[in-house]
Amino acid sequence: MRPSFVQRRHARGGKRGFTLIEVMITVAIVAILAAVALPSYREYILRGQIVDATSGLAAMRADMERHFQDNRTYATAGAFTTPCAVTPASRRQIGSFTLSCDGDPTATAFTIQAVGSGTTSGFTYKVNQSNQRSSAAPTSSGWTSTCSSAWITKKGQTC
């Protein structure tokens with residue numbers, strides 16, 4: 001019976017291991033998988049951060065409505081300070097978004113916004129007393145750049 005290639009190699013004292021071609025193929029496969037997976041992962045993380053902004057806006061809008069119910073105005077009334085009247089240092093930070101009012105609230109109107117920073121820089125989400133929503137994204141991000149009637153929460157979504 002003729003010995004196999006592996007048996008002959010061991011008999012001669014040959015070295016065991018991977019060939020350069022095998023290593024190069026493995027590296028190429030890993031690189032292709034990383035090229036596909038990394039942008040998807042970044043998009044997944046960004047969508048999660050945007051949920052922080054939209055839920056933070058909904059909570060702040062509820063705070064504004066409670067203030068209105070108690071005082072019949074969105075603005076500061078006597079000793080009752082509107083949720084919008086906080087100093088810039090005290091503004092709510094939700095993830096990488098900062099919540100604040102877009103201008104001063106009046107007796108019958110307000111607009112609150114979430115402005116992104118860091119990985120969400122350039123993203124801005126807004127909502128007003130009538131629950132009208134708007135969003136803006138950086139034009140280089142591949143997202144719909146502006147929408148005046150809805151919150152764009154994922155890449156490819158249209159207004």
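Modeller: A salt bridge here is a side-chain nitrogen of Lys or Arg within 4 Å of a carboxyl oxygen of Asp or Glu. This is a predicted model, in which local features need pLDDT of at least 70, side-chain atom pairs count only at pLDDT 80 or more, and totals for chains, interfaces and linings use all residues. Residues are numbered from 1 along each chain as its sequence is written, and side-chain values use heavy atoms, with hydrogens and water left out.

The structure has three salt bridges. Aspartate 63 pairs with arginine 92, with 2.2 Å between the closest N and O atoms. Aspartate 63 belongs to helix α2 and arginine 92 to the loop between α2 and β1 (93-94), so this pair ties together parts 29 residues apart in sequence. Helices (H or I, at least four residues) and strands (E, at least two) are DSSP runs, numbered from the N terminus.

Aspartate 63 also forms a salt bridge with arginine 66, at 2.4 Å between the closest N and O atoms. These two residues are three apart in helix α2 (residues 20-71), about one helical turn. Arginine 66 is partly exposed at 45% relative accessibility, and arginine 92 is partly exposed at 34%; buried means under 20% relative accessible area, exposed over 50%, and partly exposed in between (1.4 Å probe, protein chains only).

Aspartate 102 forms a salt bridge with lysine 126, the closest N and O atoms lying 2.8 Å apart. Aspartate 102 sits in the loop between β2 (97-101) and β3 (111-116) and lysine 126 in strand β4 (residues 124-128), so the pair ties together parts 24 residues apart in sequence. Aspartate 102 is partly exposed at 36%, as is lysine 126 at 25%. Through shared partners, salt bridges join Asp63, Arg66 and Arg92 into one network.
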